[in-house]
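Please keep the sequence and the model at hand as you read.

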Amino acid sequence: MTPNSRDVIVGFTVVLFAGFTLLVLIPQGIPTPGRTAPGQMLPDFWPRVITSGLVVIGVLIALLAVFAPTVEDAGEEIDEPHPPMVATLKVVAAIVLMFGYLWLIQLIGMVVASMIAIPLFSVLYGERRLWIFIPLAIVLPVLLYVFFRHVASIPIPDPLLRQIL
Amino acid sequence: MLENFAVGFSLFFGMENFLAIFLGVGLGIFIGAIPGLTGTMAVAIALPFTFTMAPVTGILFLVSIYKGAMYGGCIPAILIKTPGTPAGACTVLDGYPLARKGQAGKALNMALYASAVADFVSNLSLIFLAAFIAGFALRFGPPEFFTLICFSLTIIAGVAGPSLLKGLVSAGLGLLLATVGIDLIFGTNRFVFGEVQLMGGLAFIPVLIGLFALPEILDYYAKKLKPKEIPAEIGRSRVSWIEFRSSLKSILRGSAIGVAMGSIPGIGGAPAAFMSYSEAQRTSKNSANFGKGELEGVAAAEAGNNGVAGATLIPLLSLGVPGDVITAVILGAFMIHGLTPGPILFQQNIDIVYAIFCGLLLSSAFMLVWGKLGIQIFGRVADVPNSILFPAVLVMCVFGSYAVNTNMFDVLVMMLMGLVGFAMLKADIPVAPFLIAFVLGPMFEDNLRRSLVMSQGDPRIFVHNEITIFFLGLTVVSLILLVRRNLKKPKASRSTRPT
């Protein structure tokens with residue numbers, strides 16, 4: 001995908017999002033009082049200004065991309081990327097894993113969930129050196145738990161570890 | 001001023017503050033030395049760890065990380081030709097050729113001395129200028145603050161990267177997100193949709209961490225894991241007094257350039273480093289050697305870069321507006337600790353202000369200590385594999401986001417903001433304007449609405465005295481210059497990824 005075609009998509013996405021906010025989210029999400037004193041701006045005034053501005057900017061981005069000469073990607077990536085399909089799959093898997101981690105925290109607590117999550121995230125990167133990430137997966141969550149619970153007095157949700165530490 | 005210093009020093013003088021600065025500078029250098037991790041990310045992740053600290057200790061810890069990261073960026077720039085921070089890019093020009101000649105230790109030492117001197121000069125300028133400007137700002141009411149924030153918002157154009165329009169999209173999204181919660185004038189909900197957690201608005205830290213830490217972590221999954229470049233040997237070469245003295249002029253000039261550019265919102269360290277470098281090259285008797293491994297080039301670049309550090313705090317402390325992204329984060333930190341930077345801070349918490357000044361002066365010395373003691377260790381930091389580091393950073397993000405209000409909703413917000421940040425990264429939309437707008441947005445709207453209530457809707461209140469006219473004039477001039485600069489940019493440079 002060239003930067004121009006990407007910018008067209010970006011422009012349209014901005015217009016769609018801002019338009020949806022302007023026409024649906026603001027009327028539904030911001031109740032406005034019937035009467036105002038002189039000089040009082042309604043609560044939806046500022047969000048309407050912002051979203052209207054975003055619509056205009058989105059259109060400008062798309063138009064500039066359509067009418068500007070085609071530009072090739074600068075190709076300045078330092079790290080070699082995966083093939084597009086592999087890259088997409090890996091990123092999607094990481095996002096699923098991230099929300100799985102969130103779900104797991106609510107199920108078994110933050111420390112144990114983190115102990116499980118660190119190796120999974122590392123393996124997904126392609127890391128195979130167990131002797132590095134397994135000790136890290138055990139030590140880091142425990143240290144963070146001890147800091148927040150006993151130094152900062154912030155109750156970290158962890159039913160299992162609370163019995164021990 | 002001396003009385004204030006005495007009061008501030010008595011508040012500052014405590015082991016916890018010394019320790020916070022010492023650890024903060026060390027942590028900052030460590031993070032800055034890792035390519036891919038930024039000072040902003042470091043401060044964002046460290047912020048929740050300061051909740052239980054005293055305000056002075058917490059702020060000093062964060063500012064020390066910021067300063068350490070600015071210096072730390074030069075380490076991978078010199079050793080592996082990969083700047084740890086954008087401002088470190090200029091140091092590559094002469095630092096890496098020196099490393100190739102087997103003089104990496106000399107380059108690192110010169111960078112350290114230049115950084116420490118520039119940082120100290122920058123801190124002094126902060127101390128002398130901030131109180132003066134704050135005294136002037138005591139006359140400010142809502143209209144004056146509104147026009148000041150208008151001017152501050154123009155820094156968005158400075159951090160927008162290659163495309164001003166995309167920077168504006170980012171800022172618009174930040175402004176919109178900042179409106180979530182209860183309306184301050186009418187007390188009605190905005191974008192709450194029955195979710196009680198949203199009534200107080202989105203918490204600053206989860207938004208910050210999500211935007212600055214998660215996108216890099218997710219983006220790294222799209223890249224192949226490869227062995228890291230082997231860093232150049234540091235060696236034991238030292239900078240002689242004669243070498244230091246011959247670069248001193250460039251260091252002092254670079255410090256002054258850094259102070260001047262840092263005190264203007266939105267400029268940042270990288271342009272200061274390049275301007276300092278080009279001035280040094282123009283005036284040096286070794287100008288032909290610049291770019292081929294000239295020690296004075298390293299000194300000039302690092303002096304320009306670090307001269308910015310203290311100066312960016314001038315608008316933050318005196319006026320309550322951030323000079324760049326990282327000071328926007330530090331502004332959030334002040335608020336979390338129950339302090340509002342600006343003239344009121346100088347009136348009500350002068351002891352805290354001067355305690356912070358004392359700590360800042362000490363941070364320059366600790367930078368020197370860390371640099372001398374740890375140069376060999378920090379030289380190896382660039383070896384830490386991201387495949388190990390990033391999962392650890394993610395776990396710290398989760399703990400930190402949860403700690404804000406001890407609820408999982410903030411962790412969810414952090415992850416969702418991470419996805420937003422990742423989408424912005426892929427669309428080449430910079431995230432820095434988002435954060436600045438998110439911080440300044442509520443102040444902008446609040447002062448606008450208060451001003452109009454005061455004037456009963458008459459917009460002439462914004463041109464009613466010389467202060468508002470001055471700031472509006474600055475805003476207009478700044479916008480014209482920025483738009484002109486953007487229009488003049490070659491199209492090719494617009495396709496590059498924003499930082």
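**Pockets, pairs and a patch**

The lining of the second largest pocket is made up of 27 nonpolar, 11 polar and 6 charged residues. Here Ala, Val, Leu, Ile, Met, Phe, Trp, Tyr, Cys and Pro count as nonpolar, Asp, Glu, Lys and Arg as charged, and the others, Gly among them, as polar. This is a predicted model, in which local features need pLDDT of at least 70 and side-chain atom pairs count only at pLDDT 80 or more, while totals for chains, interfaces and linings use all residues. Residues are numbered from 1 along each chain as its sequence is written, chains are lettered from A and ligands numbered from 1 in the order in which they are written, and side-chain values use heavy atoms, with hydrogens and water left out.

Back to the pocket: its volume is about 1,000 Å³. Among the 44 residues that line it, B:Leu184, B:Met335, B:Val439, B:Pro442 and B:Met443 are the closest to its centre. The biggest share of the lining comes from α22(B), with 10 residues. (A pocket is an open set of points on a 1 Å grid over the protein atoms alone, with protein on both sides within 12 Å along at least five of seven lines; a cavity is a set of points where a 1.4 Å probe fits but cannot get out; lining residues have an atom within 4 Å of a point. Points are joined across faces, edges and corners, and a volume is the space filled by probe spheres set on them. Helices, H or I of at least four residues, and strands, E of at least two, are DSSP runs numbered from the N terminus.)

How many cavities of 30 Å³ or more does a search of the whole structure find? There is 1, and about 40 Å³ of space lies in the largest cavity. Its lining has 9 nonpolar, no polar and no charged residues, including B:Ile59, B:Phe334 and B:Leu360. With 3 residues, α16(B) gives the most to this lining.

Now for the charges. Side chains of opposite charge can pair when their charged atoms come close. Over all chains, 15 salt bridges are found, each a side-chain nitrogen of Lys or Arg within 4 Å of a carboxyl oxygen of Asp or Glu. A:Arg6 meets B:Asp428 in one of them, at 2.9 Å, N to O. This pair crosses from helix α1 (residues 3-29) of chain A to the loop between α21 (408-426) and α22 of chain B. A second bridge pairs B:Lys166 with A:Asp7 at 2.5 Å, N to O. B:Lys166 lies in helix α10 of chain B and A:Asp7 in helix α1 of chain A, so this pair also joins two chains. B:Lys166 is buried, at 4% relative accessibility (buried means under 20% relative accessible area, exposed over 50%, partly exposed in between, with a 1.4 Å probe and protein chains only).

Within chain B, B:Asp183 and B:Arg449 form a salt bridge, their closest N and O atoms being 2.5 Å apart. B:Asp183 sits in the loop between β1 and β2 (189-190) and B:Arg449 in helix α22, so the bridge ties together parts 266 residues apart in sequence. B:Asp183 is buried at 1%, and B:Arg449 is buried at 4%. Both belong to a network of salt bridges that also links B:Arg190 and B:Glu445.

Finally, turn to helix α5 (residues 130-151) of chain A, where A:Val139 is placed. A:Val139 is partly exposed, with 44% relative accessibility.
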